[in-house]
Amino acid sequence: MLRLFTRSTRNIPLCQRFSSTLTADKYPNIKRGDFGKINDEDINHFSKILSPNQLITDSNDITGYNQDWMKKYIGQSKLVLKPKTTEQVSEILKYCNQRKLAVVPQGGNTGLVGGSVPVFDEIVISLASMNNIRSFDQSSGILKVDAGVILENADNYLSENGYIFPLDLGAKGSCFVGGNVATNAGGLRLLRYGSLHGSVLGLEVVLADGTIYNSMHSLRKDNTGYDLKQLFIGSEGSLGIITGVSILCPARPKSVNVAFLGLENYEQVTKCFQKAKSELGEILSAFEFMDKDSQLLAAQTLKTTHPLCQDDIEGIESVPEYPFYVLLETSGSNKEHDDIKLEKFLEDVMESEIVVDGTVSQDEQQLKTLWTWREGIAEASQQFGGVYKYDVSLPLDSMYKLVESVKERLNELELSSTEDNKKPVYEAVGYGHIGDGNLHLNVAVREYNKEVEKALEPFVYEFIESHKGSISAEHGLGFQKKNYIKYSKSETEINMMKDLKKHYDPNGILNPYKYI
Ligand code: FAD
Ligand code: MLT
Ligand code: ZN
């Protein structure tokens with residue numbers, strides 16, 4: 001049975017709608033900066049740097065570059081440039097800096113905080129045409145790529161060579177390695193392979209004035225001075241455009257198992273995690289959790305039988321039956337060893353009633369299917385029209401309290417109905433990389449609207465601050481969280497960031513209206 005909120009149904013005014021509204025109209029307090037406006041002379045200049053197919057001016061062709069993955073932020077760019085070389089990026093930025101033309105670096109446009117699309121008429125600089133694998137060293141596992149290589153392509157290439165990309169996420173088929181580095185993406189296996197701050201060895205970056213910074217070396221250790229590349233990892237296009245990435249890749253595991261478990265409450269989820277760490281140790285490669293409502297949403301888009309469910313109810317193929325689920329993955333080099341360890345762990349958690357039900361993949365196909373119930377939540381959350389997303393770090397014990405508090409708040413508020421007399425909020429769901437202390441809270445809505453947004457913000461950020469968490473565990477600040485950075489960073493830290501921005505981009509042309 002689908003769950004809907006049980007708020008009052010009396011006649012209330014229609015809420016203010018946001019769907020397909022320009023970002024600039026949605027947020028009228030944000031004014032266009034004092035940037036130049038593109039004219040024919042500018043287009044002529046860019047035509048000298050790029051060939052005709054690297055320049056997009058047709059408004060129909062530009063639509064996709066102006067709108068983000070959530071269809072929440074819509075910009076008004078009239079020009080997209082698609083350089084093929086680092087030198088072209090450098091020439092473009094040099095000119096834009098002189099002319100004070102604002103730009104937005106764009107990768108696969110899968111970012112979830114509105115950072116990858118323009119707010120006004122910024123020029124989109126797409127890295128899509130810079131998509132070559134530059135080199136791979138079989139003995140060290142060091143991969144060097146152009147920033148526009150799609151993550152899945154990089155991983156497939158590595159797979160042929162017995163290696164794996166140390167990052168994996170649901171958008172792997174669309175996002176670019178440069179975009180991953182620019183957002184410091186975390187993903188599904190950070191628990192095992194750590195953050196990009198550790199695995200990225202070097203970068204090639206074009207600064208706002210066109211200067212090319214190059215540290216694309218193959219050294220694991222280098223203590224000569226400041227580690228400058230770290231500045232650009234997670235800088236979301238605010239300090240420079242990343243054009244090349246050198247990254248250390250681990251050997252591809254030979255044996256991978258996935259267990260999908262049902263649990264009675266959140267406390268058991270945290271107990272299960274503690275046991276997994278101590279009993280599975282070095283072979284534990286992912287520990288993800290999902291609440292029941294997130295699985296209900298996923299059931300409606302996946303339209304297949306839920307791994308731990310037998311019944312078909314009211315037209316939906318299957319609905320989950322436990323309040324919480326855990327997807328646990330092990331990766332190692334010896335299948336027999338890993339199987340014995342996992343079996344023993346599963347016996348222990350079932351006997352001690354931490355876990356009440358579960359299933360383990362028997363082949364590659366089953367493994368992939370189990371992952372879809374975790375990876376599919378992002379897409380399922382916006383099937384009704386939109387989604388308000390919060391991506392937070394919180395101490396494990398208080399993590400799920402945020403979801404409960406938001407559900408309670410939304411139930412108590414009398415939000416106006418949509419045009420077809422439905423409640424604007426469909427459901428609030430919690431899931432995420434619990435192994436990294438990272439919760440995803442999604443509020444699935446029938447349309448974006450100010451009332452819902454006001455109910456959620458700054459409420460969510462205040463909750464996070466009071467529990468000493470972070471308002472962005474992995475998606476970044478972008479446009480959405482720019483004004484809320486103070487909930488996670490001190491004034492001193494914010495001032496140091498502003499100093500860096502002023503130093504490297506004095507005209508503020510790189511991704512304005514975002515980050516800080
Ligand atoms: P874009 O979306 O194009 O850009 C993101 C930001 O980086 C923008 O501010 C942009 O200006 C900047 N940027 C892009 N390329 C460059 C460049 N070359 N130089 C400088 N700046 C640049 N994130 C996680 O951390 N973990 C997840 O598990 C995860 N799962 C996801 C699942 C789905 C289904 C989706 C849609 C998104 C997910 N994300 C996740 C969000 C995540 O940030 C991205 O998918 C990815 O890292 C962004 O890469 P991109 O190439 O699409 O970048
Ligand atoms: C994920 O972990 O699935 C991603 O970060 C995307 C999301 O927040 O839904
Ligand atoms: Zn995530």
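A residue is counted as near a molecule if one of its heavy atoms lies within 4 Å of it. The model before you is predicted, so local features need pLDDT of at least 70 and side-chain atom pairs count only at pLDDT 80 or more, while totals for chains, interfaces and linings use all residues. Residues are numbered from 1 along each chain, ligands are numbered from 1 in the order in which they are written, and side-chain values use heavy atoms, without hydrogens or water.

I begin with ligand 1. Around ligand 1 there are 35 residues, and those that come nearest are Pro105, Gly107, Gly108, Thr110 and Gly111.

I turn to polar contacts, which here are pairs of N or O atoms within 3.5 Å. One oxygen atom of the ligand lies 2.7 Å from a polar backbone atom of glycine 107. For a polar backbone atom of asparagine 109, the distance to a ligand oxygen is 2.9 Å. Asparagine 180 has a side-chain N or O atom 3.0 Å from an oxygen of ligand 1. Taken alone, the ligand exposes 960 Å², of which the protein buries 96%; these areas come from the Shrake-Rupley method with a 1.4 Å probe.

Terms used. A polar contact is a pair of N or O atoms within 3.5 Å; within protein, one must be able to donate a hydrogen and the other to accept it, and residues adjacent in sequence count only if both atoms are side-chain atoms.
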